[in-house]
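Here is a short report to read alongside the model.

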Amino acid sequence: MKIYITRHGQVAPVEFYDNVQFPSGDPPLTNIGRKQAQYLANYMKSIDFKGEIYSSPYARALETSEIIAETTNSKIIPWAPMREIMKTDEAAESFNGLTIEEIKHRYTHISKDTFLVYPWWSHAKESREDVFNRINIGFKELTPQSDVMFVGHGASAMLMIEYLNIPQRHGDMYNCCLSMYNTENK
C-alpha cells in the first residue's frame, strides 16, 4: 500500500478571510491554487491512483481534494486529524468551520457514509506536539486496505511525514507538493 501526503493549493489573499461565503480563517484557493491541484490530480491519475482521499475539513484542503477526486474518480473523507494548526487562542475562538452537511452539499466527491464530529477543530492554541499527537491517534484508528492520500496543511502534512518516518529533502511543505510512503518496503 502507498500513502500519499500533500498540502492544499495556494490560498486566496487575506481580504477573503472574512468573506461571508467562507468561514473566518478558511479562505478558498486562488486560480493558481486550483491549477496546482489540477497538476497534482493529473499526476495522480497518471499513476492510476484510485484510493480514498483523507482531507482536512478546511475548505482549501477540501477544494484541493475535490479537484483530485474529480480527476481520479476517488472519494473524499473529511478527516479532522489533518486540520490546520490553531496558532492562537483568538483564532481558535473565532473560527467556525463547516458542518458535515455543508461539506457534503459543497463538494460532490465526499463519501456518503462519512461522519465528522462537530466541532472538529481545536478551541485553543495548539503546539507542534498537539498536532503530532492528533495525527498519531487518528492514523492508528484507520484501516486503509488500498492506496490512500492525505490532504492537509503545512503543519499537519509535515507532521504526518514525520510520523511515518519519510525522509525529507527540505524543511518546507510547499503547496501541492507530494510525499509518498510505500508500506510494502517495510
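## Helices on the sheet

Which strands does helix H2 lie across? Helix H2 (residues 59-72) lies across S2 (52-55), S3 and S4, and runs at about 170 degrees to S2. Helices (H or I, at least four residues) and strands (E, at least two) are DSSP runs numbered from the N terminus. Angles, from 0 to 180 degrees, are between N-to-C directions, with axes fitted to C-alpha atoms, for helices over the stretch in contact.

This is a predicted model: local features need pLDDT of at least 70, side-chain atom pairs count only at pLDDT 80 or more, and totals for chains, interfaces and linings use all residues. Residues are numbered from 1 along each chain as its sequence is written, and side-chain values use heavy atoms, leaving out hydrogens and water.

## The sheet

Five strands form an open sheet with mixed pairing, in the order S3-S2-S4-S1-S5. At the edges are S3 (76-78) and S5, each pairing on one side only. Two strands pair if DSSP finds at least two bridges between them.

S1 (residues 2-7) pairs with S5 (residues 178-182) in the antiparallel sense over 5 bridges; there, isoleucine 3 stands opposite tyrosine 181. With S4 (residues 148-152), S1 pairs in the parallel sense, also over 5 bridges, and isoleucine 5 has phenylalanine 150 as its bridge partner.

## The pocket

The lining of the largest pocket has 20 residues, with Gly25, Arg60, Glu84, Ile85 and Lys87 nearest its centre. Helices H3 (89-94) and H6 (154-163) each supply at least two lining residues. A pocket is an open set of points on a 1 Å grid over the protein atoms alone where a 1.4 Å probe fits, with protein on both sides within 12 Å along at least five of seven lines; lining residues have an atom within 4 Å of a point.

Notes: Contact = heavy atoms within 4.5 Å.
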